[in-house]
Amino acid sequence: MKSREQEYREIFMSEALEYYDAMSRHISELEKNPEDTAALNELFRLMHNLKSNARAMGYNQIGEVSHEMETIFGLIRDKEKSFAGTVVPVLFTGVDTLGAMIRAVGEDAEMPPTEDLLANLDRLVQGEEPILIIAESDTDEEAGRKLELSDLVYIQIKKLDHLLNLVGELIIDRDRIMTLGREIGHPALQAAASHLFRITDELQYSVMDARLVNVGSLFNKFPRVVRDVAASEQKEVTLRLEGQDIQIDRNILQIITDALLHLVRNAIAHGIETPQERQKANKSPAGRLTLSAQTERDDVLIRVADDGRGIDVESVRRKAIERGLVRAEVAANLDANAVRAFLFEPGFSMAKEVTEISGRGVGLDVVKLAIDSLGGQLRVESELGQGTIFTLVLPTSIAVKGALLFELEERSYAIPLMHTDSVVALEPEELHVVGGTLMARIQEENVPIVNLKTLLHSGDGPLPAAIHEDLVGRQRIIIVDYNNRKLGLIVDRFLRQQDIVIKPVSKPLDTIDLFGGVTLLGSGHVCLVLDVPALTRLFLAKRP
Amino acid sequence: MKNRILIVDDSFYMRTMLKNMLTDAGYEVVGEAANGQQALEMTSATNPDLITLDVILPDNTGLDVLKGIRQVNPTVKVVMCSAVGQEIIVNEALESGASAYIVKPFSEEKVLEIVGSALQNSEENDA
């Protein structure tokens with residue numbers, strides 16, 4: 001853990017070096033064009049900031065020099081002095097000396113002498129002529145010159161993507177070597193393999209870490225968005241940002257940008273009431289909108305919460321029936337969560353009227369798709385009259401996912417842990433056939449159960465009605481969870497939980513949306529990764 | 001209810017230090033702005049109780065920003081952050097409605113004392 005002093009020092013250094021670079025640039029600009037007011041103002045501001053920061057850190061020499069420099073740039077700005085004659089070399093020396101002092105702080109080295117410089121700066125302030133000391137030999141000075149490079153590098157995300165892909169390949173080979181080592185039983189090979197395991201593990205986390213950015217880098221764009229949307233919707237909205245320093249993979253943040261924009265616009269356009277409506281409902285005239293981030297185990301939770309009118313479950317239920325998404329008699333028995341899940345169905349829009357900013361015809365299904373593509377989850381909670389909370393559950397990183405491996409017809413499959421709720425083994429007596437579908441009572445909830453084999457082999461037609469007599473012995477069931485709907489999948493055998501690297505399925509197999517990708521196991525076998533959203537949709541479309 | 005504060009300063013170092021001081025003392029820092037435009041946007045979006053405002057900003061002077069803030073939110077308390085030698089600007093700021101000022105480099109005690117009393121005055125006025 002870094003101490004606060006250390007953190008301050010690092011921030012001071014990186015900012016001071018940045019200031020020094022900018023100062024060098026601006027003073028050269030000023031030399032070319034002494035009338036460059038923008039450069040002059042910047043020099044004044046940079047000196048001022050360096051002075052304040054240096055004094056706060058206790059680097060008084062830097063503070064003193066930058067203070068004098070600031071004063072002189074101020075005099076030039078106010079036309080009491082001009083950037084000409086002997087003023088120029090003194091100020092150049094000043095900037096160089098500041099650079100040397102900043103480097104000295106960074107290297108814990110001794111500060112360069114500043115007496116002559118300070119005396120000259122003082123003379124300039126007093127309106128006297130400075131005494132220029134011509135260096136005895138220019139070569140000494142040239143030899144002492146150092147070119148400073150920043151400690152930070154900007155890197156194209158494309159390069160990091162490539163690096164991450166390579167790490168993925170490496171992990172697959174590593175697992176293969178680990179398995180071979182065990183199979184061959186050679187102790188030296190096993191030792192080398194386990195060393196390789198540790199190194200690749202660390203490499204993987206370092207690469208993942210290099211891609212992390214603060215959620216704040218996206219959140220901080222929202223004050224402006226909220227202001228504009230609120231103005232055009234004639235609403236009053238107070239935005240609150242929380243957890244800006246939570247870190248997440250840069251590409252994940254990129255992918256959810258539009259989704260977040262959409263949720264925020266929706267919240268203001270449809271969630272938050274007008275000031276008049278709010279006052280009638282005994283609420284403050286300004287609606288509260290909160291964007292927050294927090295970590296939960298390996299996931300990042302991003303929430304968009306408003307204190308507006310909330311979602312009317314009954315009206316969603318009616319509309320779902322109207323749209324033919326569900327039969328009336330089934331809809332009547334659905335709980336509020338299951339009803340709200342219809343909001344994410346394609347083309348389902350609750351907006352009574354289409355407003356300019358919340359988007360025409362673009363519903364929550366688009367948000368849902370973006371989150372699905374990341375293997376994340378979208379949840380909604382709402383209290384009528386109290387407000388709505390959308391929660392995006394996102395992986396911190398994209399490369400490696402926790403998965404549950406199982407066997408079906410002697411083939412290995414994987415299901416991402418993000419979508420698995422639990423794993424159970426049930427006796428046939430614990431399963432019941434209701435209307436042709438197997439059901440089980442799991443954690444106080446009735447969950448439909450389907451034999452994965454039957455589902456994958458069902459062809460184009462509907463699923464055959466389940467027959468209780470087909471169940472022989474204990475049934476191994478994986479309960480998956482998607483869009484607030486649970487579904488149990490009967491499999492042959494549970495294997496283990498493992499971190500896997502998912503590779504996209506290549507053409508022409510990429511049209512089969514039941515499989516989210518493939519992964520290579522240590523045994524060298526290809527393992528298909530099931531796509532839970534697609535599987536759930538298939539089941540809903542085909543259930544008898 | 002925690003008092004909510006917006007920090008306006010173009011130096012990341014200064015913002016970090018102020019944020020730590022204020023958060024440690026139990027205030028909620030609702031945002032950080034690095035220039036005048038951001039300051040105005042965040043003032044209307046976050047509706048803070050108090051703003052610490054640096055005198056010199058890259059796109060605007062603190063005084064202009066102060067006037068802009070007053071238009072967006074006439075009641076928010078504003079504490080100017082200045083350095084030695086800026087007394088003239090500070091005076092003008094106080095006349096334009098700033099509540100108080102802090103002189104850099106500042107100590108934690110001084111910051112908390114000034115922010116605390118500026119907020120207390122606002123509560124008395126509200127009462």
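**Figure 1. V380(A) and F390(A) form a bridge pair in this predicted model.** F390(A) belongs to strand 7 of chain A. Strand 6 and strand 7 of chain A run antiparallel and are joined by 7 bridges. Strand 7 covers residues 387–395, and strand 6 covers 377–383. A further pair in this view is R379(A), which stands opposite T391(A) of strand 7 of chain A. The hairpin of these strands has 3 residues between them. G385(A), in this hairpin, takes a positive phi near 85 degrees.

**Figure 2. Strand 7 of chain A also pairs with strand 5 of chain A.** Strand 5 spans residues 299–306. The two strands run antiparallel, and 8 bridges join them. V304(A) has F390(A) of strand 7 of chain A as its bridge partner. Strands of a sheet pair through backbone hydrogen bonds, either parallel or antiparallel.

**Figure 3. An open sheet of 5 strands in chain A carries these pairs.** The strand order is 2-4-5-7-6, and the pairing is mixed. Strand 2 and strand 6 of chain A are the edge strands, and each pairs on one side only. On average, and with direction ignored, neighbouring strands are turned by 15 degrees against each other. Helix 10 of chain A packs on the sheet. The helix touches strand 2 and strand 4 (287–296) of chain A. The direction of helix 10 makes about 160 degrees with that of strand 2 of chain A.

**Figure 4. A second open sheet in chain A has 6 strands.** The order is 10-14-15-13-12-11, again with mixed pairing. Strand 10 (420–426) and strand 11 (431–434) of chain A are the edges, each pairing on one side only. From one strand to the next, the twist averages 35 degrees. Helix 18 (residues 532–542) of chain A lies across strand 13 (445–451), strand 14 and strand 15 of chain A. Helix 18 runs at about 105 degrees to strand 14 of chain A.

**Figure 5. Strand 14 and strand 15 of chain A pair in the antiparallel sense.** Strand 14 holds residues 475–482, and strand 15 holds residues 485–491. Their pairing extends over 7 bridges. D481(A) stands opposite K486(A) of strand 15 of chain A. In a regular strand the side chains alternate between the two faces of the sheet.

**Figure 6. N483(A) sits in the loop between strand 14 and strand 15 of chain A.** Is N483(A) buried or exposed? N483(A) counts as buried because it has 22 C-beta neighbours inside 10 Å, and the cut-off for burial is 20 or more. Leaving aside neighbours within four places in sequence, N483(A) is in contact with A341(A) and F344(A). Q377(A) lies 106 residues from N483(A) in sequence. In space, the two are 7.2 Å apart, C-alpha to C-alpha. Q377(A) falls within strand 6 (377–383) of chain A.

**Figure 7. Chain B runs β-α-β-α-β-α-β-α-β-α from the N terminus on.** There are 5 helices and 5 strands. Of the 127 residues in chain B, 50% are buried. Contacts between residues at least 6 apart in sequence include a share of 60% that join residues at least 24 apart.

**Figure 8. Helix 2 of chain B is largely enclosed by the rest of the structure.** This is because 9 of its 11 residues are buried. The buried residues are G36(B), Q38(B), A39(B), L40(B), M42(B), T43(B), S44(B), A45(B) and T46(B). Just after helix 2 of chain B, N47(B) takes a positive phi of about 45 degrees.

**Figure 9. Chain B meets chain A through 21 residues of chain B and 22 residues of chain A.** Which elements of chain B each supply at least two residues of the side that touches chain A? They are helix 1 (12–24), strand 2 (28–33) and helix 2 (36–46) of chain B. Helix 1 of chain B gives the most, with 6 residues. The side of chain B that touches chain A divides into 11 nonpolar, 7 polar and 3 charged residues.

How values were computed: Residues numbered from 1 in each chain as written. Chains lettered and ligands numbered in written order. Predicted model: local features only at pLDDT ≥ 70, side-chain atom pairs only at ≥ 80, totals over all residues. Pairing = 2+ DSSP bridges. Helix = DSSP H or I, 4+ residues; strand = E, 2+ residues; numbered from the N terminus. Axes fitted to C-alpha atoms, helices over the stretch in contact; angles between N-to-C directions. Contact = placed C-beta atoms within 7 Å. Nonpolar A, V, L, I, M, F, W, Y, C, P; charged D, E, K, R; others polar. Buried ≥ 20, exposed ≤ 12 C-beta atoms within 10 Å, placed from the backbone.
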